[in-house]
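Trainee: I am new to this structure. Please take one part and look at it closely, then walk me through what surrounds the other parts of interest.

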Amino acid sequence: MVYTEPTKIICVGRNYAQHAKELNNAVPDEPMFFLKPPSSVIHDGQDIVLPRGAGRVDFEAELGVVIADRVRGVSEAGAMEHVLGYLVCNDVTARDLQEKAKRTGYPWSVSKGFDTFFPISPIRMAADAGDPSALDIELRLNGELKQKGNTSGMIFPILRLISAASSFMTLERGDVIATGTPAGISQLHAGDRVEITVESVGSLTNGVVEG
Ligand code: MG
């Protein structure tokens, strides 16, 4: 079991049409990136901490791509050579703070960047994971199925995301691209247990506690 230690976490917003719709967002013309800090990372089995006073906090089940080596300006055709592997991740989001940021035009950093807001599984090496373009993603909250999607529903596929991200910043070994969440997001509460599985990549289970 090997965990990545990313220098940066590059997230993609609105990469599944049904999820964009459930939050009343338009589908973008090109990938919409934002960053989470490395300090938001926790591992399988660790607790997500709900920040005091932050209001609603949501789960977002996602496939993460782990970068293999330093890369800048790679084409889509060459992108897969720079994939070390994949992981299961949860782009935990303080939704009330994000909505406020959208209204005011402020960045999403606060709503996405709290400590414990990026649970990750160990890395599944690319050779063992196989083709990542049609994998089932499922999230269960306290045993109840809440999200069920497939990576084939991505608006911008992994090749495009790697190429687009590397067009404006150097990607380093271990960096993670979180590829967006399918529909079905909802709120976390203290005492919850969140289980995410991505077919042939692995699973990730986290508890939820009050801050
Ligand atoms: Mg997300």
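Mentor: Start with Thr116. In this predicted model, Thr116 counts as buried, at 12% relative accessibility. The cut-off for buried is under 20%, so 12% falls on the buried side. Thr116 sits in the loop that runs between H3 and strand S9 (118-120). Look at its backbone. Phi of Thr116 is near 75 degrees, which is a positive value in a residue other than glycine. Most residues other than glycine have a negative phi.

Now take Asn142. Asn142 also has a positive phi, about 50 degrees, and it is not a glycine either. It lies in a loop as well, here between strand S11 (136-141) and strand S12 (144-150). Is Asn142 buried or partly exposed? Asn142 is partly exposed, with a relative accessible area of 47%.

A glycine comes next. Gly105 follows H2, and the phi of Gly105 is positive, near 80 degrees.

An α-helix has 3.6 residues a turn, so residues three or four places apart point the same way. What lies over that face?

The largest cavity has a volume of about 110 Å³. It is lined by 17 residues, and the closest to its centre are Gly13, Arg14, His19, Glu60 and Trp108. Strand S1 (9-13) and helix H2 (95-104) are the elements that give two or more residues to this lining. The largest share, 3 residues, comes from H2. By class, the lining holds 4 nonpolar, 6 polar and 7 charged residues.

Glu60 is buried, with a relative accessible area of 4%. Glu62 counts as buried too, at 1% relative accessibility.

Next, Ala61. Ala61 is found in strand S6. Its relative accessible area is 0%, and Ala61 is buried. Which residues touch Ala61, leaving aside neighbours within four places in sequence? They are Cys89, Asn90, Ile137, Leu139, Gln147, Gly180, Thr181, Pro182 and Ile196. Lys102 is another matter: Ala61 and Lys102 are 41 residues apart in sequence and 22 Å apart in space, C-alpha to C-alpha.

Strand S6 turns up again around helix H5. H5 covers residues 158-166 and is mostly covered, with 7 of its 9 residues buried. Those buried residues are Ile158, Leu161, Ile162, Ser163, Ala164, Ala165 and Ser166. Their cover includes S1, strand S2 (32-36), strand S6 (61-67), strand S7 (83-90) and strand S13 (176-178). Note S1 there: S1 also gives two or more residues to the cavity lining.

Technical notes
Residues are numbered from 1 along each chain as its sequence is written. This is a predicted model: local features need pLDDT of at least 70, side-chain atom pairs count only at pLDDT 80 or more; totals for chains, interfaces and linings use all residues. Side-chain values use heavy atoms; hydrogens and water are left out. On a 1 Å grid over the protein atoms alone, a cavity is a set of points where a 1.4 Å probe fits but cannot get out, and a pocket is an open set with protein on both sides within 12 Å along at least five of seven lines; lining residues have an atom within 4 Å of a point. Grid points are joined across faces, edges and corners, and a volume is the space filled by probe spheres set on the points. Helices (H or I, at least four residues) and strands (E, at least two) are DSSP runs, numbered from the N terminus. Ala, Val, Leu, Ile, Met, Phe, Trp, Tyr, Cys and Pro count as nonpolar, Asp, Glu, Lys and Arg as charged, and the others, Gly among them, as polar. Buried means under 20% relative accessible area, exposed over 50%, partly exposed in between (1.4 Å probe, protein chains only). Contact means heavy atoms within 4.5 Å.
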